[in-house]
Amino acid sequence: MFICFEGIEGGGKSTQIQRLEKHLQAQGLGVCSTREPGGTQLGEQLRGLLLNHDMSDDTELLLMFAARAEHLHQVIKPALAQGQWVLSDRFTDASYAYQGGGRGLSMARIAVLEMWVQQGLQPGLSFIFDLEPELGLQRARNRGEASDRFEQQELDFFHRVRAVYLDRAKAAPERYAIIDAAQAEDAVFAQILNALPQ
Ligand SMILES: Nc1ncnc2c1ncn2[C@@H]1O[C@H](COP(=O)(O)OP(=O)(O)OP(=O)(O)O)[C@@H](O)[C@H]1O
Ligand SMILES: [Mg+2]
């Protein structure tokens with residue numbers, strides 16, 4: 001099973017992925033928790049550049065997919081082949097939402113890269129952590145870490161990102177679960193358990 005955690009900053013993706021990992025492990029299941037951009041040694045180096053180094057929008061998109069190619073090759077495909085549950089903190093929906101919706105790049109170009117890099121491999125389920133960008137950014141800022149290139153974007157950027165996530169979820173409801181991420185942590189986790197395949 002390949003499950004992705006998606007949504008704007010501060011929705012609680014990283015918090016909930018840890019909870020789900022523990023929950024699945026307690027049932028004796030093998031779990032591989034990973035993140036994008038990143039997940040490999042090279043990918044984590046690309047993450048540092050993507051989050052902190054100025055670059056053109058096209059470069060950003062291409063580096064995201066370069067990191068993803070490596071992530072699929074080194075981590076995701078081997079883990080799935082071993083029968084593990086793969087939990088990824090962001091994946092290709094984030095490219096549609098941030099580089100497509102946020103930056104305004106062509107969705108068709110993103111689709112070409114998706115086909116090139118994934119060759120038909122798709123997550124079985126993606127959680128869309130949905131909440132008002134104002135609330136998400138406030139939570140993210142309360143973490144007290146320096147803000148990255150994305151967190152520094154204006155509010156409108158996050159409204160566009162959110163809209164793409166919701167559009168994609170509504171277009172393929174069998175592959176997505178929209179999570180009300182404004183709720184308290186326990187209530188959010190209950191929604192996740194509820195949406196898991198039985
Ligand atoms: N349901 C919740 N209610 C209130 N606060 C929460 C909730 N879930 C997580 N938080 C807190 O909000 C902050 C952001 O959560 P988290 O880092 O899990 O979000 P994220 O979606 O991974 O964000 P990012 O996209 O920036 O990595 C953290 O300080 C976390 O403790
Ligand atoms: Mg996170």
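Predicted model: local features only at pLDDT ≥ 70, side-chain atom pairs only at ≥ 80, totals over all residues.
The Gly7 pairing belongs to a strand, β1 (residues 2-7), that runs parallel to β4 and is joined to β4 by 5 bridges.

Phe129 also has something to face in β5, where Ile179 stands opposite. Strand β4 covers residues 125-130, and its parallel pairing with β5 runs over 5 bridges.

## The whole sheet

Zooming out, the sheet is open and built from 5 strands, with parallel pairing and the order β2-β3-β1-β4-β5. Which strands stand at the edges? They are β2 (31-35) and β5 (176-180); each has a single partner strand, so one side of each has no neighbour in the sheet. From one strand to the next, the twist averages 20°.

As a bit of background, strands in a sheet pair through backbone hydrogen bonds, in either a parallel or an antiparallel way.

Helix α8 (residues 185-195) lies across β4 and β5, and runs at about 160° to β5.

## Around ligand 1

Helix α8 turns up again at ligand 1: along with α1 (13-26) and α6 (133-142), α8 is one of the elements giving two or more residues to the shell. How many residues surround the ligand? There are 15, and the closest are Gly12, Lys13, Ser14, Thr15 and Arg139. Sorted by class, the shell has 6 polar, 5 charged and 4 nonpolar residues.

## A helix pair: α3 and α4

Two packed helices are described by the angle between their axes and the distance between those axes. For helix α3 (residues 57-81) and helix α4 (residues 92-102), the axes come within 11 Å and cross at roughly 175°. With angles over 145 degrees counting as roughly antiparallel, α3 and α4 are therefore roughly antiparallel to each other.

On the α3 side, the contact is made by Asp57, Glu60, Leu61, Met64 and Arg68, while α4 brings Thr92, Ser95 and Gln99. By class, that contact of α3 with α4 has 3 charged, 3 polar and 2 nonpolar residues.

## Helix α5 and what follows

Helix α5 spans residues 107-118, which makes 12 residues. From first C-alpha to last, α5 reaches 16 Å, close to the 16 Å expected at 1.5 Å a residue. Just after α5 comes Gln119, with a positive phi of about 45°.

Notes: Residues numbered from 1 in each chain as written. Chains lettered and ligands numbered in written order. Helix = DSSP H or I, 4+ residues; strand = E, 2+ residues; numbered from the N terminus. Expected span 1.5 Å × (residues − 1). Axes fitted to C-alpha atoms, helices over the stretch in contact; angles between N-to-C directions. Parallel < 35°, antiparallel > 145°, perpendicular 65-115°, else oblique. Contact = placed C-beta atoms within 7 Å. Nonpolar A, V, L, I, M, F, W, Y, C, P; charged D, E, K, R; others polar. Pairing = 2+ DSSP bridges. Near = placed C-beta within 6 Å.
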